[in-house]
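User: Hi! I have a new model open and would like to walk through it with you. Could we start with the charged side chains?

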Amino acid sequence: MLFVFAVIVAALVLFATEALPVDVTAIAVMVALMLAEPATTLAADAGLLAEPVYVLHQAGDGISPLDRGLSGFASTATITVLAMFILSDGVQRTGIVQILGAKIASLTGDSETKQLGATVGLVAPISGFINNTAAVAILLPMVTDIAHKGKLSPSKLLLPLSYASMFGGMLTLIGTSTNILASQLSAELIDHPFSMFEFTQLGIIVTVIGTVYLLTVGRYLIPSRIPVEEDLTEEFEMGEYLTEVVVREDSPLIGQTVDEALRVSAFDVDIVQLVREKRTFLEPLGQKSIRAGDVFAVRTDRDTLVDLLDVEGLDIIPDVEVDDAELETANERKNLVEVVVAPGSSLIGETLVSTNFRQRYDATVLALRHGQELYRQRMDHVTLRIGDTLLVQATPESIDRLNRNNAFIVAQEVARPDFRRSKIPVAIGIVAAVVGVAALTPVHIVISALGGALAMVLTGCLRPPELYDAVQWDVIFLLAGVIPLGTALQETGGADLLAELFVMGAGSVLTAGGGLAVVLGLMYLVTALLTNIISNNASVVLMIPVAIETAQQLNASAFAFVLAVTFAASTAFMTPVGYQTNLLVYGPGGYRFTDYLKVGAPLQAVFAVATTLGIAYFWGLAPA
């Protein structure tokens, strides 16, 4: 038990600090649990320990510790979530969500109430049927465009987008990976898996409450962190960092390629575009030889510019304002866009240098924003994280490639000619069939979901190579890694001990006549606080065994406590790290960490009351 608690503490620290990616931490947990028995057996044989440490072993059940340790990869929850990612991607590639978004966006105008209502009203129901992280990723460009067209700060809409996707995900079993994992744990521990619409009535109630909150109290608490600017160079405050310079006749740069000039330069500078003989060139510029009279738009700060002019034989062009219009003179379409680092991106944990970003994507990064932090110089070695927003200058062709790359979300709507619109009825029909089969027949959700994923390929909604891009592998490895931790907590008696401590803490509440509903509310709050610090899936794995043991010690309904944990883990409003959708909007919204606490804490408190009362009303707190 002590060994398992040590592993949990180490995992919590790593999850909270993100010293390692959460999926790597989860796999490390799994490896630690599987190594415990063989490593301590060797130590016991050598006389270093009295006896081996068993954390994944139950005598007489015929299941080896190795099988228990690897059970996360064979888990129905893990496979179901994988299949749901594929289903979500199949729907996404038809363009149906974008079409719905465009129709609703056309009705919002410059009314903040309409824009907010459209954002929440669209993402919440969609999140009940496709993965809510995918829903936010799909709708983020539309919401950003709505804000810009309506002269509203994107910050006012992006946090509601994230929050609404979370409580919308509680409408059905398949809305979030957390629901699916909780269903499996509930099935294993109390033989009560969730049906497709097990908690839909409560999901509707919290969705309505959340919507009302965001349209009333929430709208006044959400700050306008991003200025209301039509020009992205103004939004990223690039006025002091973008300049045009001309190459003098005596410049030592003449004859060098742009790549060579940048490679040998000791200055923090990027060349954004080249104007030569009234023609404008964008990336790739690397192989172009520099000539006298060439005009370069460069990104650098004023102090560096002064040194650059002296050393490199350049002259500044006075009275030229480099803005969106100036940077987009080469093409009729946009050359300047915001690009968000998506969940599962290969760029996470890397830098612009280590990924060779400029050459790899034929694009120049002018600025980088992580929440409220805005980098406009010395960006090359900043570690990239989920939700970081890059201000990118590139050709329309390069932007199209970025838009098709699952590592990025282009935060303005860009035409996608490859949408398979003819497949819209097919994709919707497949998702409806998956839901219907799982809800109305004895067929398990994992079979239904895998069948739907297969149907997406057979009908042409997805091409076979796209299957692997559709899956957020970090989530899959996170699930596979943390599931054995719940098993170890249960097998070693750790869940019993934590439940006893919780019951002791709640004893004063019961003594004071607070009743089981108050204890259930406390379970919700403890889970919510934990989820806001670590992964939602990890908190479900840790808290559901404790919740069940607590209910049994109090002679209460174990299923009611499981539901409280499930709802709390799926609605982490108070920090950007508690849920992937919060991280996704962190950079584009320019938020501070405290913004989530200020807006999310009251909503979390309201949900604690509403969820507790709803569970008590619909399912009761007495044991079945």
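Analyst: Happy to. A salt bridge here is a side-chain nitrogen of Lys or Arg within 4 Å of a carboxyl oxygen of Asp or Glu. Please keep in mind that this is a predicted model.

User: Good. How many salt bridges does the structure hold?

Analyst: There are eight salt bridges in the structure. One of them joins the side chains of Arg 219 and Glu 112, at 3.9 Å from N to O.

User: Where do Arg 219 and Glu 112 lie?

Analyst: Arg 219 is in helix H12 (residues 217–221), and Glu 112 is in helix H7 (residues 112–127). The pair therefore ties together parts that are 107 residues apart in sequence.

User: And is Arg 219 buried or exposed? What about Glu 112?

Analyst: Arg 219 is buried, with a relative accessible area of 14%. Glu 112 has 24%, so it counts as partly exposed.

User: I also noticed a lysine close by in my viewer. Which helix is Lys 156 in?

Analyst: Lys 156 belongs to helix H9 (residues 155–168). It is buried yet has no salt bridge.

User: Why no salt bridge for Lys 156?

Analyst: Its nearest side chain of opposite charge is Glu 112, 4.3 Å away.

User: What else does Lys 156 contact?

Analyst: Setting aside neighbours within four places in sequence, Lys 156 is in contact with Glu 112, Leu 116, Arg 219, Ile 222, Pro 223, Ser 224 and Tyr 591. That list includes both partners of the salt bridge we began with, Arg 219 and Glu 112.

User: Nice. Which residues are linked in a network of salt bridges?

Analyst: Asp 89, Arg 93, Arg 420, Arg 463 and Glu 466 are linked in one. Within it, Glu 466 forms a salt bridge with Arg 420, with the closest N and O atoms 2.6 Å apart. Glu 466 lies in helix H21 (residues 466–470) and Arg 420 in the loop between E10 and helix H19 (424–440), so this pair ties together parts that are 46 residues apart in sequence.

User: Are those two buried or exposed?

Analyst: Both Glu 466 and Arg 420 are buried. For Glu 466 the relative accessible area is 10%.

User: Switching topic to strands. What is the strand order in the sheet that contains E10?

Analyst: The order is E8-E7-E9-E6-E10, an open sheet of five strands with antiparallel pairing. Strand E8 (373–375) and strand E10 (408–410) are at the edges with a single partner strand each, so one side of each is left without a neighbour in the sheet. From one strand to the next, the twist averages 30 degrees.

User: How many bridges hold the strands of each pair there?

Analyst: E6 (residues 336–341) pairs with E10 over three bridges, and Val 340 has Ile 409 in E10 as its bridge partner. E6 and E9 pair over five bridges, with Glu 338 opposite Leu 391 in E9. E7 (residues 363–370) pairs with E9 over six bridges, and there Thr 364 stands opposite Gln 393.

User: How many residues of E9 are buried?

Analyst: Six of the six residues in E9 (residues 389–394) are buried. Both faces are covered: Thr 389, Leu 391 and Gln 393 are on one side, with Leu 390, Val 392 and Ala 394 on the other.

User: There's also a sheet with E1 in it. What's the order there?

Analyst: That open sheet runs E3-E2-E4-E1-E5, five strands with antiparallel pairing. Strand E3 (279–281) and strand E5 (314–316) are the edge strands, each pairing on one side only. E2 (residues 270–276) pairs with E3 over three bridges, and Val 275 stands opposite Thr 280 in E3.

User: Last one: what does Gly 69 touch?

Analyst: Not counting residues up to four places away in sequence, Gly 69 touches Met 30, Met 34, Leu 56 and Pro 484. Gly 69 is in helix H3 (residues 65–69) and is buried at 0% relative accessibility. The C-alpha atoms of Gly 69 and Pro 484 are separated by 5.4 Å, although the two are 415 residues apart along the chain.

Definitions and conventions: Residues are numbered from 1 along each chain as its sequence is written. This is a predicted model: local features need pLDDT of at least 70, side-chain atom pairs count only at pLDDT 80 or more; totals for chains, interfaces and linings use all residues. Side-chain values use heavy atoms; hydrogens and water are left out. Two strands pair if DSSP finds at least two bridges between them. Helices (H or I, at least four residues) and strands (E, at least two) are DSSP runs, numbered from the N terminus. Axes are lines fitted to C-alpha atoms, for helices over the stretch in contact, and angles run from 0 to 180 degrees between N-to-C directions. Buried means under 20% relative accessible area, exposed over 50%, partly exposed in between (1.4 Å probe, protein chains only). Contact means heavy atoms within 4.5 Å. Lys and Arg count as positive and Asp and Glu as negative; His and the chain ends are not counted.
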